Amino acid sequence: MTDSPITVLLIHGGGASGWDWHLVAPLLRERGYEVLAPDLPIEDPESGIAEYADFLVGELGDAERVVVVAHSYGGLVAPVLAARRPVEQLILVSAMIPAPGEAPNEWWAATGYDTLGLALPMETEEQVVAAFLHDVPAELASEELARGREQVEDGDIPVPLDAWPEVPTRFLLCRDDRFFPAEFVRTLVRERLGIDPDEIDGSHGVMLSRPRELADRVHRYVTSSRAEPGRS
């Protein structure tokens, strides 16, 4: 058994940045983990899911023991990364789950999201906060909006995934998430991963509203032997 430290790689969601994890990362470091929370190259028009995964492979370097935590759109990147280099566990937090050969733009219709009337109005900052960050302290919510980045990838390019990687996978849904409501997520996780999701209170921005609870969950998953292999 290796004594190498565990590196926790935190993958942010669409239009966001590694700053999303700035409250969770130090809590994990206190637990003894090495933590990476890089900014994906989402503003590069030549980059997409495949390039994001390759970028993360480079960021990880020669790290021997890796646990990946992916939020929202980052859920499309995490399994591609796990198919390209060894990781010990995938932890998906209110995340999108890709099917083999499915493009990001196809995900919304393929999962039924488009037909369930789940889309929320997001024309104003107030509406964005109501959809994603309604339980996040006002100053943090404002900072999150200010740090938003334009994501310019071609969403019609299929996610380069033949099958879900043979990696223990956990899914953590947020009970108060208005963007990805709990009942929708429960069904999606069972259909695409064949597992039951775990649950935590909080909005889509749970890493900003409940950072300690989220860090505690990640630590529990890393130290637990109950992780199950997901499948798609």
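1. Val-68 touches Leu-9, Ile-11, Ala-78, Leu-81, Val-87, Gln-89, Leu-90 and Ile-91, leaving aside residues up to four places away in sequence (contact means heavy atoms within 4.5 Å). Along with Leu-92 and Phe-171, Val-68 has the most contacts inside the largest nonpolar core, which has 44 residues. Such a core is a set of buried Ala, Val, Leu, Ile, Met, Phe, Trp, Tyr and Cys residues joined through side-chain atoms within 4.5 Å, and buried means under 20% relative accessible area with a 1.4 Å probe, protein chains only. Apart from it lies another core, of 30 residues, Ile-6 and Val-206 among them.

2. Some housekeeping. This is a predicted model, where local features need pLDDT of at least 70 and side-chain atom pairs count only at pLDDT 80 or more, while totals for chains, interfaces and linings use all residues. Residues are numbered from 1 along each chain as its sequence is written, and side-chain values use heavy atoms, with hydrogens and water left out.

3. On to H7, residues 182–193 (helices are DSSP runs of H or I, at least four residues, and strands are runs of E, at least two, numbered from the N terminus). Its buried residues include Phe-184, Val-185 and Leu-188, but also Arg-186 and Arg-192. They pack against strands S4 (89–93), S5 (168–174) and S6 (198–200), plus helix H4 (104–110). Just after H7, Gly-194 takes a positive phi of about 70 degrees.

Key
Expected span 1.5 Å × (residues − 1). Buried < 20%, exposed > 50% of the residue type's maximum accessible area, 1.4 Å probe, protein only.
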